[in-house]
Amino acid sequence: MIVVLKSNIDSDKQLKLVEWLKGQGLGVHISAGEFRTVLGLIGDTSKVDMELIESLDIVDSVKRVTETFKRAGRSFHPEDTVVRVGDVRIGGGNFCMIAGPCSVETEEQIVAVAKAVKAAGANILRGGAFKPRTSPYDFQGLKANGLELLKIARAETGLPIVSEIMSAHDLPLFEDVDILQVGARNMQNFDLLNELGKSGKPVLLKRGLANTLKELLMSAEYIIAGGNEQVILCERGIRTFSDYYRNTLDLSAVPMLHELSHLPVIVDPSHATGIARMVPSMALAAVAAGADGLIIEVHNDPIHALCDGAQSLRPDEYDELAGRIRKLREALR
Ligand code: PEP
Ligand code: MN
């Protein structure tokens with residue numbers, strides 16, 4: 001971290017600032033120029049309150065040289081992290097195809113969708129059992145029973161399962177779930193992130209609808225700081241000025257997150273658009289942008305889906321899209 005001091009300042013104040021910084025366990029390298037003095041802070045500056053220093057009357061500006069997301073960031077971890085779920089690998093050149101319904105509804109539904117998406121080439125099954133709904137009167141998911149049905153679908157197909165966990169209290173119910181999904185609305189539920197850090201299970205962390213990339217990486221940092229590096233980042237659309245679709249898919253996030261972080265980055269074109277017919281184009285665009293995988297909602301009967309039917313592909317549509325994705329990946333190789 002670099003602290004640029006204002007010109008012609010009281011040397012007593014400068015001395016006090018330097019002593020105060022040293023008191024925080026930091027080395028301070030003072031470089032006195034003709035007009036300005038610059039302090040170079042050496043050591044772990046992750047706990048330093050940058051805004052507080054910036055607010056001092058003798059300080060002109062403060063700049064971080066390394067990011068605060070030390071564990072999620074690439075600077076100290078240049079090689080890609082590969083997340084492992086059974087035989088499936090995600091990241092570091094391994095592409096994942098996660099598919100399934102928004103919500104688990106019945107055994108017939110989840111098993112049928114699981115078989116269909118597997119046949120199309122999906123390698124992980126999704127299905128919500130605990131649903132974060134805007135209205136308390138909407139379908140809230142089958143909860144523990146939904147997770148049991150997902151496990152049946154896993155047993156039938158061999159596909160690992162991913163499902164959203166909304167509260168740390170539910171962790172015991174998720175013991176046998178392969179990947180724990182943190183939904184967009186819970187991206188900054190720090191108690192939940194802390195518990196997932198201790199869980200040791202792969203986590204699919206979705207970007208909040210109004211969160212920056214730095215905030216997403218700081219949320220990943222919580223999980224990793226807790227001892228769990230198996231984190232997959234997911235761009236799922238943010239709130240901007242979209243009036244004809246659900247959210248704005250921020251595809252620039254993909255190359256930028258790859259630059260900033262070693263964690264795999266996947267894209268959810270279903271929640272990003274909210275419209276099934278837009279899903280194929282945005283899925284292909286995500287592949288072209290370098291995503292490490294896609295999570296796509298597929299339902300055997302979208303018209304009658306209990307949640308997010310409008311954005312769900314039918315199995316035949318998913319099958320066709322999966323073929324196009326394979327061709328595109330081949331062409332990009
Ligand atoms: C979901 O995946 O079903 C979901 C609720 O997604 P998000 O948290 O991105 O809205
Ligand atoms: Mn959904």
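How many Å from an oxygen atom of ligand 1 does a polar side-chain atom of Glu297 lie? The separation is 3.5 Å. The points below set this contact in its surroundings, and the model they describe is a predicted one.

1. Overall architecture. The chain has 333 residues, of which 52% count as buried. Its secondary structure comprises 10 helices and 14 strands. Along the principal axes, the C-alpha atoms fill a box of roughly 75 × 45 × 40 Å.

2. The residues around ligand 1 include Arg126, Lys131, Glu164, Gln181, Gly183, Arg185 and Arg236. Cys102, Ala184, Lys206, His271 and Glu297 also belong to this set. The space that ligand 1 takes is the largest pocket.

3. Polar approaches to ligand 1. Ala184 contributes through its backbone, with an N or O atom 2.7 Å from an oxygen atom of the ligand. His271 instead uses its side chain, a polar atom of which lies 3.3 Å from an oxygen atom of ligand 1. On its own, ligand 1 has 290 Å² of accessible area, and the protein covers 97% of it.

4. The manganese site. Four protein donors are found for the manganese ion (ligand 2): Cys102 through SG, His271 through NE2, Glu297 through OE and Asp308 through OD. They lie 2.1 to 2.4 Å from the ion. Along the chain, the donors follow the spacing C-x168-H-x25-E-x10-D. His271 is located in helix H8 (residues 269-273) and Asp308 in the loop between strand E14 (293-297) and helix H10 (315-332), so this pair ties together parts that are 37 residues apart in sequence.

5. What is the relative accessible area of His271? The value is 8%, and His271 is therefore buried. For Asp308 the corresponding figure is 19%; because the limit for a buried residue is under 20%, Asp308 is likewise classed as buried.

6. Backbone geometry. Asp308 is not a glycine, yet its phi is positive, at about 55°. This residue is in the loop between E14 and H10. Lys143 also has a positive phi, near 55°, in a residue other than glycine. The location of Lys143 is the loop between strand E8 (124-126) and helix H4 (144-157), and its relative accessibility of 37% makes it partly exposed.

7. Asp268 is placed in the loop between strand E13 (265-267) and H8. With a relative accessible area of 0%, Asp268 is buried.

8. Leu213 relative to the site. Leu213 is part of helix H6 (residues 213-225) and counts as buried at 16% relative accessibility. How many residues apart in sequence are Leu213 and Glu297? They are separated by 84 residues in sequence, and their C-alpha atoms are 24 Å apart in space.

Conventions: Residues are numbered from 1 along each chain as its sequence is written. Chains are lettered from A and ligands numbered from 1 in the order in which they are written. This is a predicted model: local features need pLDDT of at least 70, side-chain atom pairs count only at pLDDT 80 or more; totals for chains, interfaces and linings use all residues. Side-chain values use heavy atoms; hydrogens and water are left out. Donors are N, O and S atoms within 2.8 Å of the metal (3.2 Å for Na, K and Ca); water is not among the atoms, so sites may look incomplete. Helices (H or I, at least four residues) and strands (E, at least two) are DSSP runs, numbered from the N terminus. Buried means under 20% relative accessible area, exposed over 50%, partly exposed in between (1.4 Å probe, protein chains only). A residue is near a molecule or strand if one of its heavy atoms lies within 4 Å of it. A polar contact is a pair of N or O atoms within 3.5 Å; within protein, one must be able to donate a hydrogen and the other to accept it, and residues adjacent in sequence count only if both atoms are side-chain atoms. Accessible areas come from the Shrake-Rupley method with a 1.4 Å probe; for residues, only the protein chains shown count as cover. On a 1 Å grid over the protein atoms alone, a cavity is a set of points where a 1.4 Å probe fits but cannot get out, and a pocket is an open set with protein on both sides within 12 Å along at least five of seven lines; lining residues have an atom within 4 Å of a point. A molecule sits in a cavity or pocket if more than half of its atoms lie within 2 Å of its grid points.
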